[in-house]
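Please study the sequence and the structure shown below, and then work through the exercises. Each task is followed by a solution in steps.

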Amino acid sequence: MGFSCGLVGLPNVGKSTIFNALTAAGARVDNYPFTTIEPNVGVVPVPDPRLDELHKLFPEKKKVPTTLQFIDIAGLVKGASEGQGLGNQFLAEIRNVDAVVHVVRCFEDPDVVHVDGTIDPKRDIEVIETELLLKDLETVEKRVKSLASRVKVGDKAAKAEYEFFERVRQALAQGQHIREITIHEHERPFLKDLNPLTLKPVLFVANVGDEGENEYSREVQRLAAERGTIAVIIRGRLESEVYEAADTDEERRAFRKELGIEESGLDALVRAGYEILHLVTFYTIDGPEVRAWTVPKGTHAPQAGAKIHTDFAERFVQCEVARWDELVREKSLARLRELGHLHRHGEKYEVQDGDVIHFIVA
Ligand SMILES: Nc1nc2c(ncn2[C@@H]2O[C@H](COP(=O)(O)OP(=O)(O)O)[C@@H](O)[C@H]2O)c(=O)[nH]1
Ligand SMILES: [Mg+2]
């Protein structure tokens with residue numbers, strides 16, 4: 001499994017439209033808030049030219065791309081953290097995703113109701129951020145309370161955790177997101193089971209009308225930059241129409257070219273996602289498949305192997321690594337071995353983007 005992205009935003013900003021464009025999975029699109037009662041989940045293959053090149057060397061094998069999971073989470077509204085508009089249910093869904101894709105309405109259309117009447121990216125973004133923050137504050141306050149009573153009865157083990165969460169509580173109360181707080185290595189485990197919403201990496205999507213980029217989308221880009229992240233501009237409705245009007249990727253590409261869309265929304269989002277989430281792709285060519293895998297940067301070889309088989313981590317002995325572009329150039333592992341370009345590494349090896357890895361297990 002690749003990583004999962006939850007689409008969040010106010011009602012009627014175009015989340016389901018974008019979900020459609022991304023997954024062509026046929027989520028219901030309607031001019032009606034709360035159409036998306038059940039979360040829609042779509043798994044999409046990650047477009048990857050490097051995998052295509054590698055596959056050309058082994059045409060008899062099956063090409064298996066890595067995947068991205070999108071979850072179309074229904075509209076959050078003001079007061080969601082207090083249960084408004086099915087709020088709690090949606091906030092719980094956000095807890096389970098790896099990253100938040102915050103969709104912002106950047107198109108004018110009098111026929112599509114905006115919950116607050118006007119188009120205003122800054123206000124809209126702040127409404128959503130406030131709800132996520134208030135939910136975290138509530139969760140953290142509960143934790144502080146229970147830790148405080150443990151400290152009171154002399155539980156020494158609880159003290160460091162109490163101090164940490166009290167610091168987090170104060171920061172949240174001042175409007176700071178957890179991802180902006182300095183967290184020391186020994187404090188990381190405290191957050192593990194809490195899974196706070198404002199710790200998750202965020203990417204913005206400016207959903208623009210058929211004409212493309214506009215003053216609103218530029219504002220979203222500015223606001224994203226202020227937050228240390230990026231905004232991807234997607235013509236959601238137009239792109240979902242492209243999906244419906246064409247049957248093959250070939251046709252879609254031609255169609256997009258005609259419309260002047262240089263990069264599909266999915267390609268743009270995947271690129272941004274990998275960057276913001278610090279993800280890397282490695283490849284395996286063993287057995288009947290040429291396959292791409294996604295892991296966070298800094299993952300050690302045994303843990304990368306565990307993606308393939310859960311017991312690879314324990315059985316790991318060594319791995320043999322080639323670079324994808326060298327393999328494409330020299331055409332075989334045997335040739336790379338002759339050249340001395342096939343490297344053996346142990347369990348401390350950090351997987352690099354573009355590695356072709358053969359795992360040697362006991
Ligand atoms: N005019 C216009 N309408 C759009 C655009 N994107 C989405 N819509 C419409 O906005 C309405 C709400 O979209 P939807 O994707 O259901 O929003 P959600 O509530 O955020 O999931 C639908 O009627 C869409 O067709 C756009 O770029 N331009
Ligand atoms: Mg929807």
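**Exercise 1: Two helices in contact**

Task: State which residues of α1 meet which residues of α8, and classify them.

Solution. Step 1: Thr17, Ile18, Asn20, Ala21 and Leu22 in α1 meet Gly236, Arg237, Glu239, Ser240 and Tyr243 in α8, where contact means heavy atoms within 4.5 Å. Step 2: By class, the contact of α1 with α8 has 4 nonpolar, 4 polar and 2 charged residues (Ala, Val, Leu, Ile, Met, Phe, Trp, Tyr, Cys and Pro count as nonpolar, Asp, Glu, Lys and Arg as charged, and the others, Gly among them, as polar).

The model is predicted: local features need pLDDT of at least 70, side-chain atom pairs count only at pLDDT 80 or more, and totals for chains, interfaces and linings use all residues. Residues are numbered from 1 along each chain as its sequence is written, chains are lettered from A and ligands numbered from 1 in the order in which they are written, and side-chain values use heavy atoms, with hydrogens and water left out.

**Exercise 2: Ligand contacts**

Task: Identify which residues come nearest to ligand 1.

Solution. Step 2: A polar backbone atom of Asn12 is 2.7 Å from an oxygen atom of ligand 1. Step 3: For Lys15, an N or O atom in the side chain is 2.8 Å from an oxygen atom of ligand 1. Step 4: A nitrogen atom of ligand 1 lies 3.4 Å from a polar side-chain atom of Asn207.

Key:
Helix = DSSP H or I, 4+ residues; strand = E, 2+ residues; numbered from the N terminus. Near = heavy atom within 4 Å. Polar contact = N/O pair within 3.5 Å; in protein donor to acceptor, adjacent residues only side chain to side chain.
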